[in-house]
Amino acid sequence: MRVTRRSVRTAAVATGAVAVLLLPAAGAFAADGPDQGPDPASSDQSVFWRNVDLADGSLARVYQDGPGRFSAEIYAGGSLIDTLVSTDGRPAYGQYDGLRVALRPDGTVRSWVETAPKPDPKPTPKPDPKPAPKPAPDQRKNTQRLPDAKVTLPDGNVARFFTSTSHPRVELTQKNGRSLGALDLAHPTAAHHGWTYKLVDAGKHHYKLAAIDTPRQGAGSWVYDFQGRLVGKYVAQKG
């Protein structure tokens, strides 16, 4: 695009006419010389046509420069920023930042503002799914039943009594906690290092534990109820 400067020819012609009147006769005679042809500048007949408000608030001043020829001066902030010229039936176009201007061959002006495409919004990242909480362990499985009674037997081992009318149980361990086995109605007898341990059914859902020594070691016996009380004791008499 190019910026052109117009000059008004009317003032120049009037000034020339006054100069001719002031010339001496010799000068006037000289003016009768050979015809120099029309002043090329006299063909510039640009005529203001109208103002057009543009899409961004700028101004276009449209001129008709001749048959089928128009030009438009583009002003922004009071300053000339460009000139469009439509000739030979073709439109002229201008671009100023986001403003677009089209000058048609009939002198009409179209303008619009192009905006930069907005970037696609970034998708909001989805938080990682939280792991499902682990189920709380079944406390019943981890909780061992405490014995109803505990007693140290004559041989130094330990008996723990678990009372039940249908499933009585006696657990036998050494002093260091090492298991020697368990007595119940299905397995009522156990032995260890010459001692015999026996779960005795006393009737009416009452049970007792008998710890019996071998004859070699004295042939004594001790009887305990499930509260850990010694309820019977027998020691063989030595002859």
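**Exercise 1. Find the residue in β16 that is the bridge partner of S221.**

Solution. S221 has Y234 as its bridge partner in β16. Next, take the strands. β15 and β16 run antiparallel and share four bridges. Two strands count as paired if DSSP finds at least two bridges between them. Strands are DSSP runs (E, at least two residues) numbered from the N terminus.

This is a predicted model, in which local features need pLDDT of at least 70, side-chain atom pairs count only at pLDDT 80 or more, and totals for chains, interfaces and linings use all residues. Residues are numbered from 1 along each chain as its sequence is written, and side-chain values use heavy atoms, with hydrogens and water left out.

**Exercise 2. Give the strand order of the open five-stranded sheet, then name its edges.**

Solution. The order is β12-β13-β14-β15-β16, with antiparallel pairing. β12 (189-192) and β16 (230-234) are the edge strands, since each pairs on one side only.

**Exercise 3. Trace β8, β9 and β10.**

Solution. Start with β8 and β9. They run antiparallel, joined by four bridges. A149 has F161 as its bridge partner in β9. Five residues lie between these strands in the hairpin, where G156 takes a positive phi near 95°. Move on to β10. β9 and β10 pair antiparallel over five bridges. R160 is partnered by E171 in β10. Six residues form the hairpin link from β9 to β10. Last, check the cover.

**Exercise 4. Which residues have the most contacts inside the largest nonpolar core?**

Solution. They are F161 and V170, in a core of 18 residues. Such a core is a set of buried Ala, Val, Leu, Ile, Met, Phe, Trp, Tyr and Cys residues joined through side-chain atoms within 4.5 Å. Strands supplying at least two residues each include β9 (158-162) and β10 (169-173). Then look at V170. Leaving out residues up to four places away in sequence, V170 touches (heavy atoms within 4.5 Å) residues including F161, L183, L199 and F226.

**Exercise 5. Sort the residues of β5 into a covered and an uncovered face.**

Solution. A92, G94 and Y96 form the covered face. Y93 and Q95 form the uncovered one. The general rule: in a regular strand, side chains alternate between the two faces of the sheet.

Methods
Buried < 20%, exposed > 50% of the residue type's maximum accessible area, 1.4 Å probe, protein only.
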